[in-house]
Structures are given as C-alpha cells and as structure tokens.
Amino acid sequence: MIGYGEQILDHYRRPRNEGSLPAPDIWHEDVNPLCGDRVRIEIQLGAGERVAAARFRSDGCILCQGASSILTERITGLTLGAIEALPAADFLGSLQADLKPNRVQCVLLPLDVLRAGIATYRRGVSP
Amino acid sequence: MTPDFEALRKDFPILQRTVHGKRLVYLDSAATSQKPGVVLDAIRHFYETSNANVHRSVHTLGEEATALYEGARDRVARFVGAPRREGVIFTRGATEAINLVAASWGRSALKEGDEIVLTELEHHSNLIPWQLLAKERGARLVFIPVREGEVDLSALSRCVTRRSRLIAVTALSNALGGITPLAPFREAAQAAGALFFVDAAQAVPHLPVDFGRIGCDFLAFSGHKMLGPNGIGVLVARPELLESMPPFMGGGEMIREVWTDQATWNRLPWKFEAGTPPVSEAVGLAAAIDYLEGIGMEAIRTHGAALAGGAAGALSSIKGVTLYGPKENKERGPLVSFNCEGIHPHDLAAALDQEGIAIRAGHHCAQPLMRTLGIAGTARASFYLYNNAGDLKAFVEGVAKAADLLRSLRS
C-alpha cells in the first residue's frame, strides 16, 4: 500500500519515544512549510554528550510520525557528534520506503528539527 | 441550452492518461486547471507563425505579435468588464498583480497608522504583500474574522474605520470554497473612503465576474487557473488610479524617454509592463477565454457548484468526516474542504493518488485560517467544467475506501 514501507507503518502503529522529557538538554520544534506538519524533539544527554533519552511529538502524516519515532530510537545511545555526522541520505535510505520527491520532506522534518536543536545547543544559547 | 459537459472532456488531452493504471480523476483545479487543445494549439500556432517581440518591431512578425498581444488585452477587458483597456495590466500571475498594487500604490500612499482591512480567509498571496507593506510603512492590518466557514459580515462595520485605506478580499475562498458577497465590502470601502481590492484568482475561472458591477478599484486573477497557460495574470484597475501610481518594475517597455539620471513613463497600460511581456501566454489566455465563453460562465458556475455540493453531501454521510466551509444551504464555489477523523490529509491524498484521483492536501496557503479553525490542514477536492458525475462517484468511493485502509494501518 502507498509505498510507506513496513518499518514506518510499524512505528506509526506503535510509536516509540512519543512524549516529552521533564528537563531536556536539547529541544526544538518546527514545521514543514509545505503542509504545516509540526514536529518537536527533546533530548536528555548523558556522559560524553551521549543521548540518554529522546522524545518526540509529531502532528503530522504517517510518514512524519513514523520517521520521528524511528529517529528517536536510532539516536538513543549515540553521541551528538555521531548524530551530526549522520548523512540525511543514509537516514532516508534506512527507512525502506518508496517515497516520491514531494513526500521526502515528511520523513526528513524530524531530522531537520533534531539538527536545528543540536545547533542551538552547540551555540551555547538556551533554545 | 445547457452545454454538453460530458462531450467537452475530449477537448482536454490530459484526461486521456492514466495514473497508476487508473483513469485520471483530476480534482485539483483550484491549484491549476487543465488545458483544452485549443489553448495549446493557439500557443503553438503563435510560435510557429507570428513569434516576435512586441511593440517596437517594425517588421511583419512584430506587427502580428503586437496585434495578437494587444488583442488579448481587449479580450480580457471584455471578459471581466474592465472600464477601459488601459486598466488591464498583464502580470506573471495574480500574486504579482497584488504585489504590484502593494508596492506601487501602497508605498506611495500609505502612511503610519493607516489600516489595511483583510479577512481571515485570505490566501498568503493576498496577505504577505500587505504584511510586508504594513511593516515598511508603519501601517496596521485588520482582519475580518471567519465564522462557520464564512466571512463574518457583522464585523465589517467594526473593522472598517476612517483609518482604513484599502480593503482586500478574496471573491471565492480557495481553502473553504465560500463565495464572498462583495457588495457589503464595496459599500464599507466607499463609506470609509478606502480603496477596494478583489482577489479573484478563484472567482474569474468559475463564475461570471464584472469589474464594473462589483464596483471595485482593483481586481487580480491568474491565467493558469482558467484553462490558460502558466506565467500570465491580470490586474484590472481604474485607469485614473493607475495614472496616479508610480511604476512597479523598471525596464524596457515601461518608459517614454530615458536619460542617464532620470526617465519618464510610458502611457497605460504599458507603464506597468516592464520587459518583454508574456506574449504567447496572452495568446493562450485569450483562447482560454474564448473557450470559457463558448461554454458560458453561468453554466460553468452551476456545474462546479453542483459537483461540489454533491461531494459535500456524500462526504457528510461518511463516518468521521468533518466538512469546512459554507453550510449546506449557502452558495458555494466548486470545491469542498474536509478532514477524516484520525487521518492526515496528506495520507488521504496519497491513498487517493493510488486510485488515480488527484486532490490537494495541506494548508492551501492559508495558514492563519487553518490556525483559526484549529487544524493543520484539510483535504480539498476542487472541480471544474471537465469533471463529471463519474469523477464525483470515484472520489466519494475513493475517500471511503482510503479512510478504511488508513484506519486499518493503525491496528
């Protein structure tokens, strides 16, 4: 069906890490200007800037919700440096979804939000 | 005599194609319309026989191209009841027409504390140019609220004051499909001494529109939504107003005499048409107008409203569907805006695409309106003269099927 792929559908059905954190070190929220979808990502850091916990809230389509869940699961345990080095194309490829160009931004929105949050954290200003 | 809407489908070559192996059901004409063969032929014929730059060429092709381009202006003027051809300016689209007025009239006439009155319905193209202008001039935007899917006319007297300099309103909402009664806006503008701007990007393709009868000062629309090509739009304005306004863009064509340090401006309408104009696009637009008038705008309005009304009625009987826009007993344009509970409009549109059905999903370039409605977006099906009962049936069945399918993905 509509090429979303089993992995995204699985995370859509059973979202992991949905919600918020009591005292996140990193948080960011943004919208997809094409459709108005909104994603918020929150990160709790552990030692060595390693992601101890990640949470998301997604007011978006199946792709956006599924990708948000997959992303938070994937980055848990990674250092911020490793996340920053993660190419968008790799994340996109790992989703095993057959996406048309107009829908690619649906799955990349959570990654963009995460990166913007990390960039703000790096600049040392409170988000 | 009622036109044969079923027969005219063969005039639109694109309707022959399939999408994912299914018959194309194109329900996104509010975004852009499909083109009949006569429009495509007119553009091709122009390039094959008369292509040249206009106005300054003395040779035969130049004369022919100029006659065709200026003939298209006369055609547009007659179609929308423009007072004089000098008041018909070709632009790149409705958006540029609005920007023209905001930049030219707005920057020269607006003062700090002045107000521009809009409605919460407006497309971003009838909002952002005024927002930019208001920021620059220290002016204020005032919004007439939307209630139950329509502009709340009872708020007009409160919103339009002696500080109002311009009222800009859509004649037909692209997001919700309501038709705006324009007379109360005209009266309010006249009483306040404000100018009256009508965004007719959705109205001109679908209903009879007469500049003089509306009694507005400016009217903007696009060619591509009314069977014409991309890249051309129209600003219709009272010529006296245009005379008093400074140029919008500078370049060739819009000048009379040029020195190194100054210039004087061409006569109307060319004062507002800098650079080589969209000649083939004007030729295509004139052919589109011929086609539309051959069918009749009143019949086109009735056809579109009937399909959209049928869609609204059928959707309301599908479980979990919320309709936005005009209520059942109110006049509506040729589109229906809706949501299915628990289903994102983009997912619905993607599922319908699998059935060959093209609809729009999202905020429809009306984010403030979506915020007012408390939603991120809607799904929108918009009809035109080439849609038929078969399209409506496919759409309604498609929505019911897609909604079931998408709900099943959750469990």
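Trainee: How many helices and strands does chain B have?

Mentor: Helices (H or I, at least four residues) and strands (E, at least two) are DSSP runs, numbered from the N terminus. In this predicted model, where local features need pLDDT of at least 70, side-chain atom pairs count only at pLDDT 80 or more, and totals for chains, interfaces and linings use all residues, chains are lettered from A and ligands numbered from 1 in the order in which they are written, and residues are numbered from 1 along each chain as its sequence is written. Side-chain values use heavy atoms, with hydrogens and water left out. Chain B comes to 15 helices and 19 strands. Chain A has five helices and three strands, arranged along the sequence as α-β-β-β-α-α-α-α.

Trainee: What does the radius of gyration say about chain B?

Mentor: The radius of gyration is taken over C-alpha atoms, and the globule rule is 2.2 Å times the number of residues to the power 0.38. For the 411 residues of chain B, a compact globule would have a value near 22 Å, and chain B agrees with 22 Å. The C-alpha atoms of chain B fill a box of roughly 75 × 55 × 40 Å along the principal axes. For chain A, with 127 residues, the rule gives a value near 14 Å, and the chain has 14 Å, which agrees.

Trainee: Is A:Ser58 buried or exposed?

Mentor: Buried means under 20% relative accessible area, exposed means over 50%, and partly exposed lies in between (1.4 Å probe, protein chains only). A:Ser58 has 13%, so it is buried. This residue lies in strand β3 (residues 51–59) of chain A. Contact means heavy atoms within 4.5 Å; leaving aside neighbours within four places in sequence, A:Ser58 is in contact with residues including A:Arg38, A:Cys64 and A:Ser68. Over whole chains, buried residues make up 45% of chain A and 59% of chain B.

Trainee: Which residue forms a salt bridge with B:Lys401?

Mentor: Side chains of opposite charge can pair when their charged atoms come close. A salt bridge is a side-chain nitrogen of Lys or Arg within 4 Å of a carboxyl oxygen of Asp or Glu. B:Lys401 pairs with B:Glu355, the closest N and O atoms being 3.1 Å apart. The pair links distant parts of the chain, 46 residues apart: B:Lys401 is in helix α15 (residues 389–408) of chain B, and B:Glu355 is in the loop between α13 (345–353) and β17 (357–358) of that chain. B:Glu355 is partly exposed, at 24% relative accessibility. Salt bridges can also share partners, as in the network of B:Glu70, B:Arg73, B:Asp74, B:Arg85 and B:Glu273.

Trainee: How much area do chain A and chain B bury between them?

Mentor: The size of an interface is often given as the accessible area lost when the parts come together. Buried area is that accessible area (1.4 Å probe), summed over both parts. Here the two chains bury about 1400 Å², 58% of it on carbon and sulfur atoms. In this interface, 19 residues of chain A are in contact with 18 residues of chain B.

Trainee: How many salt bridges are counted between chain A and chain B?

Mentor: The count is two. One salt bridge joins B:Asp347 to A:Arg103, with the closest N and O atoms 3.4 Å apart. On the side of chain A that touches chain B, the elements giving two or more residues are α1 (6–13), α2 (62–75) and α5 (101–122) of chain A. Of these, α1(A) gives the most, with three residues.
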